[in-house]
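Here are some notes on the predicted model that you asked me to look over. Please read them alongside the coordinates.

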Amino acid sequence: DKAIEAGKDYAGRNPSDVAPHNLLGRVYLSAGMEAEARDAFGDALKLDAGDPGANHNLAALALRDRDFAAARAHYDTILQYHTDMLPTLIHLARLEGLEKNDSEVVAVLNRAMAAYPNEVQPRLMLGQYYFQVGKLEQIAPLFSALDPVLLQSPQVLRLMAVSQLKLGEFELGRQSLQKLLEKLPDDVLLHHLLAQAAAGAGDARQAREELEEALTLDPEHFPSRLALTRMELSAGNAEKFALGLKQLVALAPENPDVLQLQSIAALRAKDTAGAVSFARTAFDKAPNGQTVVRLAGYLEADGKAAESQQLMTDWVDNNPDATGVKLALGISLGQSGDSEQSREQYGKILASDPENFIALNNMAWELRQIDNAQALDYAKRAVAVAPESSAAIDTLAVVEYYGEDYRAATRSIRRALDLTPAAPSLQYHSAMIDAARGETELARRSLEELLQATTAFPEYEQAKALLQDVSR
């Protein structure tokens, strides 16, 4: 009440000044007296129609009421009297964002950047906008001409770092995050992001160190605990994986990622029923393509292939764009001997994505003995999409073998073995092709070496039978 009295007195003694009216309007707002506040700001505009203070306050009230046209009118009025006023341009850009006028967001912020080339805020806002809409490659150029000192601001470094990680520029992201951590050494999230950058750059040691540092700062930081536990799993550190999983269960027992890790632990303990149970709960809590495929895999491991395939079929029927599930279903059907249904899934994928490498490669494999000419076409298309894939070149070699083009098959399988010389299936296919060419002694030696080295490959029984044939 005293503030209102003082404001009225101030206005009475300065009848031609807008400042007391704006001050009085803010006091009314603080007191919850909105009608009086609007009147006070209106009195200011009677004295100065372009007054930024009164117009900004009235625009804020309009935005609260979702009256975007009124808010825009106030901003436009300010800009008529105060061309390129930075706070107004910033507010206008936010308004355009609320109305999803993407081109206007960019236009307004570009106008602000042109008027204030050394100001960080409009560049930062435009960069954040580009990040939100996925135009990541347009972020870095915004800051290329900025003063080097301003480039080191935490907001700029953070935006640059996260966009670099999204773009897969892990080394650049690592450099940005390291600079940022010099300013904010106790920021847990920055250590976590630096771990991601280091892992992406192939530096597992630093990735582990940064995750451990994040957990030192906050032992309950879930993303870092999850990432470190996954790292222990990949590294084969069974005890550390078990400990990390126990901590994750304590932190977030119903989190789908934690449930998935529990599925893996159960499967490793040969508890397939337990693995299915955890995976089913994860799917129930987060039904998506990834949890469907994982649950289907555990069902198959538990001897429930029909249920697994039905689960994926139902998902695909309700989610026709679920390419990952279609691939998994196609593979499962092919492995169970239903080549026709398997090819149907791959065909659906290729209808919308004709360069899907896995679908091309698997379609060639399924057709290798059914329609060799068509299989050869798919195999060549797969190699064209992924020319350095030993899997694609191996499939091409096998298709050529079934087409009795043994010379081409020999060239292809040798190229595949140059890429992955230790792959048992490729070694078997090489021996198979050698035997077809009449090189039985070479095939025999290759098979003997292969079978002495390992039994862990799908064609083990076929390799044994072929060895018997070439040894006669």
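**Notes on one helix and the cores**

1. Helix α21, which runs over residues 339-352 and so counts 14 residues, reaches 21 Å from its first C-alpha to its last, close to the 20 Å expected at 1.5 Å a residue.

2. Within α21, the buried residues are Ser339, Ser342, Gln345, Tyr346, Ile349 and Leu350. Because they cover an arc of only 135° around the axis, they lie on the same side of α21.

3. The exposed residues Glu340, Ala351 and Ser352 are carried by the face of α21 that is turned away from its buried side, while the cover over the buried residues of α21 includes α19 (305-318), α20 (323-335), α22 (357-367) and α23 (372-385).

4. The largest nonpolar core has 40 residues, and Tyr378, Tyr428, Leu447, Leu466 and Val470 are those with the most contacts inside it. Two or more residues each are given to this core by α21, α22, α23, α24 (390-402), α25 (406-419), α26 (424-436), α27 and α28 (460-470), and the largest share, seven residues, comes from α24.

5. Leaving aside residues up to four places away in sequence, Tyr378 touches Leu350, Leu360, Met363, Ala364 and Leu367. A second, separate core of 32 residues includes Ala59, Leu89, Leu142 and Leu146.

6. Arg444 belongs to helix α27 (residues 440-453), where its side chain makes a polar contact with the side chain of Glu448 at 2.8 Å. Again not counting residues up to four places away in sequence, Arg444 touches Leu467, Val470 and Ser471.

Key: Residues are numbered from 1 along each chain as its sequence is written. This is a predicted model: local features need pLDDT of at least 70, side-chain atom pairs count only at pLDDT 80 or more; totals for chains, interfaces and linings use all residues. Side-chain values use heavy atoms; hydrogens and water are left out. Helices (H or I, at least four residues) and strands (E, at least two) are DSSP runs, numbered from the N terminus. The expected span of a helix is 1.5 Å times one less than its number of residues. Buried means under 20% relative accessible area, exposed over 50%, partly exposed in between (1.4 Å probe, protein chains only). The arc is that of the directions from the helix axis to the C-beta atoms. Contact means heavy atoms within 4.5 Å. A polar contact is a pair of N or O atoms within 3.5 Å; within protein, one must be able to donate a hydrogen and the other to accept it, and residues adjacent in sequence count only if both atoms are side-chain atoms. A nonpolar core is a set of buried Ala, Val, Leu, Ile, Met, Phe, Trp, Tyr and Cys residues joined through side-chain atoms within 4.5 Å.
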